[in-house]
Amino acid sequence: MYVCNCNGIREREVRAAIEAGATRPAEVFRACDSQAQCARCVCDMRKMIGEHGEAMRFAAE
């Protein structure tokens, strides 16, 4: 599934960037060698980053 239609960034690419340490959408764009255009995807990226953080907190317990 595409998260960012403007840049053709797929969900698996966003998740890979997050796994590699991206904590903000800007870092996801940088990891995917692109930049925000319309920014509709930023909310989805923030949600994915938050979900990853929650999963990591639960895993650490």
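## Close-up views of a predicted model

**View 1. Aspartate 33 is exposed, at 74% relative accessibility.** Exposed means over 50% relative accessible area, buried under 20% and partly exposed in between (1.4 Å probe, protein chains only). Aspartate 33 sits in the loop between α2 and α3. Its phi is near 55°, a positive value in a residue other than glycine. This is a predicted model, in which local features need pLDDT of at least 70, side-chain atom pairs count only at pLDDT 80 or more, and totals for chains, interfaces and linings use all residues. Residues are numbered from 1 along each chain as its sequence is written, and side-chain values use heavy atoms, with hydrogens and water left out.

**View 2. Alanine 39 lies in the loop between α2 and α3.** Alanine 39 is not a glycine, yet has a positive phi of about 70°. At 36% relative accessibility, alanine 39 is partly exposed.

**View 3. The largest nonpolar core has 14 residues.** Such a core is a set of buried Ala, Val, Leu, Ile, Met, Phe, Trp, Tyr and Cys residues joined through side-chain atoms within 4.5 Å. Val14, Val28, Phe29 and Met45 touch the most other members. At least two residues each come from β1 (2–4), α1 (11–19), α2 (25–31) and α3 (42–60). Helices (H or I, at least four residues) and strands (E, at least two) are DSSP runs, numbered from the N terminus. The largest share, four residues, is from α3.

**View 4. Valine 28 touches Val14, Ala17, Ile18, Ala22, Met45 and Ile49.** Residues up to four places away in sequence are not counted. Contact means heavy atoms within 4.5 Å.

**View 5. α1 and α3 pack at an angle of about 50°, with axes 10 Å apart.** Axes are lines fitted to C-alpha atoms, for helices over the stretch in contact; angles run from 0 to 180 degrees between N-to-C directions. The two helices are therefore oblique to each other. Angles under 35 degrees count as roughly parallel, over 145 as roughly antiparallel, 65 to 115 as roughly perpendicular and the rest as oblique. From α1, the contact uses Glu11, Val14, Arg15, Ile18 and Glu19; from α3, Met45, Met48, Ile49, Glu51 and His52.

**View 6. Arginine 46 is found in helix α3.** Arginine 46 is exposed, with a relative accessible area of 53%. Its C-alpha atom is separated by 16 Å from that of methionine 1, 45 residues apart along the chain.
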